[in-house]
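Biologist: I have this one open on my screen. Can we go through the side chains, starting with the aromatics?

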Amino acid sequence: MNRRPTLLAAITLTAAAAVSLSACGGGDSSKGKGKNAGAGTGSEESASPSPSVSESAEVGRPKIQLPSDLKYSFEWSKTGDKDKDAVLADREQSIQAVDMAIANQDPLDEAYLYYYEGEAAAQTELYIKEYVKAKARTTGTSRYYSATVDVSDTDSASLVYCEDQAKAYDMYLKPKKVNKTAVTKNSYVLYALQLRKNDHGVWAVEKLDSQRGSAKCQP
């Protein structure tokens, strides 16, 4: 979320009570592969989400169906810890679910609501509404890297990671036009999330904070 291009440069999903961006937790860290690794590859491999640990056990998950021009590169390797890997896998699904809601122009799309609760759900609804109002959606490639996840107990976790939006853009639907903007330090965003394992066994996002142009995420 919180895309770089003009439409969303002014949309910042922050929460006063969200987990601190400086508090990255004490869990395992999965670093990016390199300075420019995976950026904008657009490959089918990078576009496909990693299999979710909890997804295999949960039949009722919503199906994520996205436009073919949307690509993702998740550069966070498995930690070897079942719960931490489930947090990362569920985050991949929740990111794509929001883009699907935007593509569907539906602020109450069931898929993203499956992965967001409380404060984060309310923020995300407003975020999607801005796209609907502008008659636009996302396109291009987003790269995610430098993830640090910490599971504090059986149903509480925190996640901090970076997003490279250098090749992610807004696309206005009528008339159809991609708004390509220059790459700046603000093309890189640091996120801090607070998640809860809900009754469905899903690591749902409860609180979310973001910092555009963070020095921690610069190439």
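Modeller: Ring pairs join Tyr-72, Phe-74, Trp-76, Tyr-144, Tyr-161 and Tyr-191 into a cluster. Keep in mind that this is a predicted model.

Biologist: How many aromatic pairs are found in the whole structure?

Modeller: The search finds 10 aromatic pairs. One of them is Phe-74 with Tyr-144, whose ring centres are 5.0 Å apart with the planes at 15°, so this pair is stacked.

Biologist: Where do those two sit in the chain?

Modeller: Phe-74 is in strand β2 (residues 70-74) and Tyr-144 in strand β3 (residues 136-153).

Biologist: Is Phe-74 buried or exposed? And Tyr-144, buried or exposed?

Modeller: Phe-74 counts as buried because its relative accessibility is 14%, under the 20% cut-off. Tyr-144 is buried too, at 0%.

Biologist: What about Tyr-114 and Tyr-115, how are their rings arranged?

Modeller: Their centres lie 5.2 Å apart and the planes are at 75°, so that pair is edge-to-face. Tyr-114 is buried with a relative accessible area of 14%, and Tyr-115 is buried at 0%.

Biologist: Which residue lies over the face of Tyr-145?

Modeller: Arg-143 does, at 4.2 Å from the ring centre.

Biologist: Switching to polar residues. Where is Asp-164, and what does its side chain reach?

Modeller: Asp-164 is in strand β4 (residues 156-173). A polar atom of its side chain lies 2.9 Å from the backbone nitrogen of Ala-166.

Biologist: Is Asp-164 buried or exposed?

Modeller: Buried, because its relative accessibility is 5%.

Biologist: And Asn-104, where is that?

Modeller: Asn-104 is in the loop between α3 (82-103) and α4 (110-113). At 43% relative accessibility, Asn-104 counts as partly exposed. Its side chain makes a polar contact of 3.1 Å with the side chain of Asp-109.

Biologist: Last topic, the overall layout. What is the order of elements?

Modeller: The protein chain has 5 helices and 7 strands, and from the N terminus they run α-β-α-β-α-α-α-β-β-β-β-β.

Biologist: How much of the chain is buried?

Modeller: Of its 219 residues, 49% count as buried. The accessible surface comes to about 9,800 Å², and carbon and sulfur atoms account for 50% of that.

Methods: Residues are numbered from 1 along each chain as its sequence is written. This is a predicted model: local features need pLDDT of at least 70, side-chain atom pairs count only at pLDDT 80 or more; totals for chains, interfaces and linings use all residues. Side-chain values use heavy atoms; hydrogens and water are left out. Helices (H or I, at least four residues) and strands (E, at least two) are DSSP runs, numbered from the N terminus. Buried means under 20% relative accessible area, exposed over 50%, partly exposed in between (1.4 Å probe, protein chains only). Accessible areas come from the Shrake-Rupley method with a 1.4 Å probe; for residues, only the protein chains shown count as cover. A polar contact is a pair of N or O atoms within 3.5 Å; within protein, one must be able to donate a hydrogen and the other to accept it, and residues adjacent in sequence count only if both atoms are side-chain atoms. Rings of Phe, Tyr and Trp (its six-membered ring) pair if their centres lie within 6.5 Å; planes under 30 degrees apart count as stacked, over 60 as edge-to-face and the rest as tilted. A charge sits over a ring if NZ of Lys or CZ of Arg is within 6 Å of the ring centre and within 35 degrees of the ring normal.
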